[in-house]
Amino acid sequence: MTAINDLVSYEAKGTVGVVTVNSPPVNALSQGVRAGILGGIQAGIADDSVSALVLTCAGRTFIAGADITEFGKPPREPSLKEVIDTMEASTKPVVAAIHGTALGGGLETALGCHYRVAVASAKVGLPEVKLGLLPGAGGTQRLPRVVGVPIALDLITSGEHVPAPKAHKLGLIDELIDGDLVAGAIAFAKKIVAEGRPLVKISDQNEKLEEARKNPSLFADFRKANARRFRGFEAPENCIKAIEAAVNLPFPQALARERELFLELLAGEQAKAQQYIFFAERQAAKIPDVPADTPLIDIKSAGVIGAGTMGGGIAMNFLQAGIPVTIVETSQEALDRGIDIIRKNYTATVAKGRLTQEKMDGYMSLLTGTTNLEGVRDADIVIEAIFENMDVKKEVFTKLDRICKQGAILATNTSTLDIDEIGSVTSRPDYVIGLHFFSPANVMKLLEEVRTKKTSATVMATCMALAKKIGKIPVMVRVCDGFVGNRMLAKRTEQAQKLILEGAKIEDVDRVLYDFGFPMGPFAMGDLAGNDVSWRIRQGKGVKSPVADAICELGRFGQKTNAGYYRYEARSRTPIPDPVVEEIIEKVAKEQGVTRRPITDEEILKRCIYPMINEAAKILEEGIATRASDIDVIWVYGYGWPVYRGGPTRYADYIGVEKIYNDLLRFKETLGGEEWTPTPLLEKLAKEGKSFKDL
Ligand code: 3HC
């Protein structure tokens with residue numbers, strides 16, 4: 001074996017030369033890897049003892065893409081294009097041997113090879129769009145030549161990871177390998193040589209592009225059909241333009257156009273924000289005082305207490321991960337209703353073709369329902385998801401502590417209550433933790449995990465790993481009212497209520513936040529979630545919100561009652577402004593002596609967002625969140641903060657902390673109120689000319 005450099009080696013195995021990349025953790029295409037592959041391929045071409053080459057990777061995965069940490073730094077030779085050109089031009093067949101994930105530049109490298117083989121568990125894809133980019137090393141040119149333009153449009157603008165068997169059907173993978181990958185790839189390469197098969201240069205293939213040329217409205221139709229999905233994002237449009245270039249220009253010019261469109265995105269703020277979130281998400285997985293090698297509890301079964309919307313959604317996550325669930329309700333009727341909703345959810349997914357009946361049956365077979373709490377006796381983790389009432393939760397935890405086996409984790413899905421207090425009624429407060437799922441719990445990615453003063457490192461490490469297993473993005477925070485997400489949301493809600501009293505229209509507040517990039521504004525969101533939920537919480541705390549309370553007193557709970565902040569036609573989800581609500585607002589404003597005035601969009605935006613940023617600073621000061629970027633992950637994955645704006649603290653850094661500080665002081669002067677007092681941390685950052693990222 002010859003070391004080409006520290007990261008890549010070359011070895012002739014009989015008549016096939018094997019180039020192996022070994023650059024942990026994910027074999028990203030750093031300068032060293034690019035240079036190594038180039039050197040390895042050149043060594044193979046020059047080696048007279050071999051007639052074919054295999055490109056493979058050591059470790060857990062094939063090349064996972066360009067090295068994102070190199071973005072924004074001066075380019076270093078060789079470029080990925082040079083590496084790919086060299087492979088494509090090789091006079092000996094080059095076969096990519098794929099395991100793990102071949103993503104982005106990794107798949108582009110594989111598409112530069114003449115053939116691709118993979119193990120069945122591998123996945124391939126061009127996920128650059130998720131980083132605010134487009135495939136910049138020929139991916140937008142070669143993929144449509146293999147799978148056709150319509151499928152390439154879908155794959156490139158969604159960034160979907162395609163399982164190898166499907167990729168095989170699409171023609172992206174030439175052969176699936178059973179058993180040892182490298183041995184299989186060598187055998188495949190020998191077969192290519194023996195059969196005298198051609199050196200397939202994808203860049204020369206034009207058949208699939210011809211098909212697209214026959215459909216001139218293809219791109220316009222695609223844009224129209226996906227306008228909602230792409231709203232606010234810059235990258236999808238550049239992806240489409242690059243694929244259009246593939247169809248309309250000769251390969252070299254189209255490749256140059258792809259480069260231009262790639263560089264345009266790379267220089268933009270959206271790509272920087274999206275890459276920031278990529279790394280923030282991975283940072284969030286690390287808890288400073290929980291070592292990476294902390295022993296984990298093996299979670300083989302779960303219990304869920306409460307079969308309501310939340311409990312049912314939580315249970316679904318476990319079922320989908322192959323973990324058996326026992327769900328407990330107080331009455332048979334409520335239990336049957338809960339299980340029925342789970343079944344209906346899956347049935348709807350099957351009907352849409354997104355789940356097979358066989359898989360659904362598999363999930364349902366893992367679900368057991370009972371009205372007896374003793375049913376969770378053997379569960380490794382129990383998650384309580386009943387209504388928000390401290391006394392009832394304490395009663396349930398007292399019982400669970402008695403029933404559940406030693407070593408079982410007792411978790412609560414509370415979104416507001418003091419988990420230290422809940423844990424205090426058990427004999428195992430170190431095994432008590434908050435697992436705050438977001439509604440709908442089977443869909444929303446965020447899992448806000450809440451450690452108490454006593455939660456053990458093992459329990460935290462287990463719950464972080466478990467979150468990943470059930471497809472969630474976990475962030476560990478500490479106990480306070482509302483934890484991180486809802487505590488900040490309360491600041492936005494407070495301003496939204498004040499704004500409508502002072503003269504802003506409900507639909508204007510919603511429009512401004514929608515245009516900022518949220519999926520919907522606060523009032524539309526209240527109507528969707530049910531205004532009665534927060535009303536009950538307010539009643540429990542003895543807190544008043546005059547307009548919100550008045551609306552609920554009229555039974556206007558939102559979409560489910562066809563009326564809330566808006567009115568709704570029967571069976572429609574379209575919000576229609578309602579003069580009845582405007583009258584309520586005017587009445588409350590009069591009672592409170594509030595002078596109404598026109599309010600600009602700029603004021604609406606700043607008043608909704610800046611108090612959240614101030615609260616984020618307070619949360620950091622108090623140590624409730626570990627890092628500013630954790631807060632951003634929470635808002636992007638739990639509350640629909642537009643990922644291309646990178647989360648509240650990243651947005652603050654983009655606007656400038658000092659500017660925000662000055663605006664807070666201005667609002668304090670004009671509007672009054674303690675909410676405008678900058679928190680000491682924000683003041684410090686502003687006065688020192690620093691950003692959240694400097695913390
Ligand atoms: N560049 C640099 N570092 C990367 C990386 C990349 N492309 N991909 C992953 N890493 C790092 C992560 O930051 C993490 O570092 P850490 O341990 O210090 O936190 C480590 O590798 C392991 O990553 P994960 O924790 O994500 O490991 P998983 O096993 O859960 O997932 C993965 C592996 C599916 C490969 C996932 O890391 C991933 O999706 N990576 C990004 C893939 C991607 O977007 N590729 C396209 C890049 S852009 C491009 O190729 C442009 C080209 O067109 C020119």
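**Helix packing and the ligand shell**

In helix 26, the residues Ile 613, Asn 614, Ala 617, Leu 620 and Glu 621 meet Pro 680, Leu 681 and Leu 682 of helix 30. By class, this contact of helix 26 with helix 30 comprises six nonpolar residues, one polar and one charged. Please keep in mind throughout that we are looking at a predicted model.

Let me turn to the geometry of this pair. Two packed helices are described by the angle between their axes and by the distance between those axes. Helix 26 spans residues 601-621 and helix 30 spans residues 680-687; their axes come within 7 Å and cross at roughly 105°. Angles from 65 to 115 degrees count as roughly perpendicular, and helix 26 is therefore roughly perpendicular to helix 30.

At what angle do the axes of helix 20 and helix 27 cross? For helix 20, residues 485-502, and helix 27, residues 628-638, the crossing is at roughly 70°, and the axes come within 10 Å. These two helices are therefore also roughly perpendicular to each other. On the helix 20 side, the contact is made by Gly 485, Met 488, Leu 489 and Arg 492, and on the helix 27 side by Ile 631, Ile 634 and Trp 635. Five of the contact residues are nonpolar, one is polar and one is charged.

I now move to the ligand. Which residues are closest to the ligand? They are Arg 60, Glu 108, Glu 128, Arg 282 and Lys 286, within a surrounding set of 25 residues. Sorted by class, the shell around the ligand holds 13 nonpolar, five polar and seven charged residues.

As for where the shell comes from, strand 6 (101-103), helix 3 (105-112) and helix 13 (269-284) each supply at least two of its residues. Helix 13 gives the most, with three residues.

Several polar atom pairs can be listed individually. A nitrogen atom of the ligand is 2.9 Å from a polar backbone atom of Ala 64. An oxygen atom of the ligand lies 2.8 Å from a backbone N or O atom of Gly 105. From the side chain of Lys 468, an N or O atom is 2.9 Å from an oxygen atom of the ligand. Finally, how much of the ligand's exposed area does the protein bury? Taken alone, the ligand exposes 990 Å², and the protein buries 77% of that.

Notes. Residues numbered from 1 in each chain as written. Predicted model: local features only at pLDDT ≥ 70, side-chain atom pairs only at ≥ 80, totals over all residues. Heavy atoms only, no water. Axes fitted to C-alpha atoms, helices over the stretch in contact; angles between N-to-C directions. Helix = DSSP H or I, 4+ residues; strand = E, 2+ residues; numbered from the N terminus. Parallel < 35°, antiparallel > 145°, perpendicular 65-115°, else oblique. Contact = heavy atoms within 4.5 Å. Nonpolar A, V, L, I, M, F, W, Y, C, P; charged D, E, K, R; others polar. Near = heavy atom within 4 Å. Polar contact = N/O pair within 3.5 Å; in protein donor to acceptor, adjacent residues only side chain to side chain. Areas by Shrake-Rupley, 256 points an atom, 1.4 Å probe, with all protein chains shown as cover.
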